[in-house]
Amino acid sequence: MPRRERPLDEGESGLLRFAADLRRLRERAGSPTYRELSRRAHYSAAALSEAAGGRKLPSLAVTKAYAKACDGDPEEWARRWRAVAESEPHGSNDSPYVGLAMFQPGDAPKFFGRERLTAELLSTRNRFTGLFGPSGVGKSSLLRAGLIARTRGPVLLFTPGANPVEECAIALARLTGEEAVALADELKDPEQLRARHGHLVVVDQFEELFTLCRNEELRQWLVTALIGCEKVVIGVRADYYGHCAQLPDLVEALEGAQLLLGPMTPDELRLAITEPAAAVGAKVETALLARLMADAVGQAAVLPLLSHALAQTWQHRRGMTLTLAGYEEVGGLDHAVARTAQEVFDGLSARGQEQARRILLRLVTAEDTKRRAHQAELEADDEVLFALAAARLVVIDRDGVELAHEALIRGWPTLQRWVEDERENIKAQRELTHATQTWESLDRDAGVLFRGRRLANVPEGLFLNAGERAFLAASRAAEEEVSLSARRRTRRQRQLLAALAALVVVAASSTAFALQANRTADEQRANAAVLRAVGEAAALRSTNPSLAQQIALAAYRLVPLPQARNGLRQEDVPSQVLREAQSEVTALVVGPTQQQVATGYRDGTVVLTSLTDLPSPRTSYDATRHSGAVTALAMDSTGGLVASVSEDGAVHVVDVSLGKPRELTVLPVRAVAIAWQGTTLVTTDADGALSFWTDLRRDRPRLLTTAQLGLGPLAGLSFRQDGQVLAAVTTGRAVHLADVTDLRDVKLLSLTREFAGSAQFAGDGALLTTAGTAVHLWDTADPRDPVLRAEIPSGGGEVTSAWLGGGRVAVATDDGLVRLWLLGDGEPVEQALLRGHAGPVTAVGLTPQGDEVVTGGADRAVRLWNADPREPAVRICEQAIPRMSREEWEQYFGGLEFTPPCRD
């Protein structure tokens, strides 16, 4: 005999009345058992029993099935269900939209719009498939709620993290129930992955292999292990496509097996908006659907913002209808994320806000990607962490914490500002965290402690957890011990050298070998004397520059050591202030043919200054004005047109051919970078598409064509002088060379080995790229195989700008200095050190002959420098007054024959 149903709770709510009516419907149908109802309705007995339980409203589909199984009218019960749904309070966890978080396999019933691509992934016969797309396009959700949810059999899913072996072992342990530590040890042999898991392997956020994993051996392990598996799908951010090219085995595996994920089509987007609501018996107001389509169609990175806006709108729905008014109330597509995040942040105490800031900055990289952190690393109060998680800003699981989506970095101005202000500290923090984890994993092996420059470069003000504090304390203690040992060793070596020198002197009187040894000792003494003299010359530069330069020249003639060569640089370079503005200089370009310079400022102004008129200050004209800070300037090959772009993406074109600027047009496009291909202006938007503009002097510029490199967002562009090769810098700091001879068939040719923030072509195929503390010069005669010709160090500061031209390279740094290097057949020679700015030098350029340097700085000044182009000996001896005396020679080169560097 079937058991009696649990009595309904007491009360008069619509939900209880609805449950009671369902029970009466079942009684009128003869009180069939729930097992019998299950057979008729094709739903589980538990689901049907729960529908009449009165605890929560069943889904519309279950209600209609229940009614039909009891011979009721499904449509009548659907109307009754909607009436109850509209009268019930809105729950916070019943939303059919997932918000910022990625879809999980269990969210498959809510996942719509990617059916075609899901089917393509399921049906592919490729053993290895790469899914590429920009951030926010839905790669992770497609892999989880699309591919994995519809795959039969177990699926191994993980992200590379800082240690792909460990991440793979943890994921495999979840599937098998075994110990992750033992599995990690076994998986050190990459062939064991296939032996352990002969089914589908999905590696999401594959770009972590380049942003978080710093070990080349671990990177190669992952590629080797995956290539050996039965079937593999990897998800990669499009701007890291070039990084994949650095791994030859991966390139071979991906050949012909790449799937590019772009924005949803209008039909797909409509399904993604309306179907999740329909699945729970709700609907989207027509006006809201039209607005959402207008806001989102064609935007690749919009999906997490759209999902979050819909999730918020669900909480403000009217009955079971999502309305335009509710959407606007939560801030719409652009402001919903920022509003939610800011409300959570503002609701915390001052201490909680500081903790939230530290947590969020630990969950991002300097490349604006998210990273996973263990909770122990964060050392955060649960209250703060759970507040962020409750708002779905972060995701917490047993393995750690991470941002719900990278869209939070782009969509919340507060976090965006924190990241921008702390970018260098974030880099240092990531390096320190990784080193600490390595140190602890090796039982605090002293061999991995920071030493020397790495230790000195750790910035002040970093928030350290207990492990990082212990690591730095151990590093400083070890460094002090090394210094003490070095001082002891130096004393012993001096004593030994003195003894050896005495023995050599004794032996020299009797053997020819001793004569040779004596000559060697003379050379060593000369080297030592030269090095000592170079050091003393450096100390004299501020008090007696004439004598300092003569000492440096004499030292270089005696022994041409690199240290002596660098002592010949000019440090008293005269300069004049071309202009002092009301705002910081943010961009600068010098005309390729005419003597004029265009400067851009943080307040949005662009100013043209002539370099040919003699009076000082030089004549300047306002050329145009943007609504945001100017981010880049470029002149065409004739020097007659200047293009500028600002933070708001607007591109202005100005005619400067007659000396006085005349604004021609504002292009109907938004851009993040610009460059000239001869007299054709090229712009690139947030998706990395290239647009080629011509007829710029006419009333309406003409869009000649567009091209797509497939690299994702770009940070910079430069064309070789012949216009056939493009250097494209991605936001991931990779420099790609592309053949743009035929814009209908753009071909990626190569990738430089060094990461860079900018690139500039000059002369016949020379390419300059800027890294953090160095500048690299490349020969691109064969663009398929660029050859690194020279690496020029920054001298200590971070490179902020650099320029190549006229056989020279000017390198500006954030410590207020500019170094001018002379290029020749051998290694670059430092020609001059320019001092004068009161803060970081933000932009630098060279006149066409390379004899004058133009700089702009955070101190709002634009300066023109005239470095002496003559040979150092000519310049030094002309200024050597008085000449070096014999007594001074003895003081600095005692024991060496008097050879004055400058003779009368």
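Close-up 1. P882 has its place in the loop between α31 (872-879) and α32 (886-893); helices here are DSSP runs of H or I with at least four residues, strands are E runs of at least two, and both are numbered from the N terminus. The peptide bond leading from I881 to P882 is cis, with omega near -5 degrees. A word on what you are looking at: this is a predicted model, in which local features need pLDDT of at least 70 and side-chain atom pairs count only at pLDDT 80 or more, while totals for chains, interfaces and linings use all residues. Residues are numbered from 1 along each chain as its sequence is written, and side-chain values use heavy atoms, leaving out hydrogens and water.

Close-up 2. The structure holds twelve aromatic pairs. Rings of Phe, Tyr and Trp (its six-membered ring) pair if their centres lie within 6.5 Å, and planes under 30 degrees apart count as stacked, over 60 as edge-to-face and the rest as tilted. Here W439 and F471 make an edge-to-face pair, 5.5 Å centre to centre with 70 degrees between the planes. Because W439 lies in helix α25 (residues 423-441) and F471 in helix α27 (residues 466-508), the pair ties together parts that are 32 residues apart in sequence. W439 counts as buried at 4% relative accessibility, and F471 is buried too, at 0%. Buried means under 20% relative accessible area, exposed over 50%, and partly exposed in between (1.4 Å probe, protein chains only).

**Close-up 3. Two arginines over aromatic rings.** The charged end of R80 sits over the ring of W77, 4.2 Å from its centre. R358 lies over the face of F463, at 3.7 Å from the ring centre. To qualify, NZ of Lys or CZ of Arg must be within 6 Å of the ring centre and within 35 degrees of the ring normal.

**Close-up 4. Helix α20 and its buried residues.** Helix α20 (residues 350-362) has 13 residues and reaches 19 Å from its first C-alpha to its last, close to the 18 Å expected at 1.5 Å a residue. That expected span is 1.5 Å times one less than the number of residues. Which residues of α20 are buried? They are G352, Q355, A356, I359, L360, L361 and R362. An α-helix has 3.6 residues a turn, so residues three or four places apart point the same way.

**Close-up 5. Two aspartates with positive phi.** Although D71 is not a glycine, its phi is positive, at about 65 degrees. D71 is found in the loop between α4 (60-69) and α5 (74-87) and is exposed, with a relative accessible area of 66%. D695, also not a glycine, has a positive phi of about 55 degrees. Look for D695 in the loop between β21 and β22 (702-708), where D695 counts as partly exposed at 21% relative accessibility.
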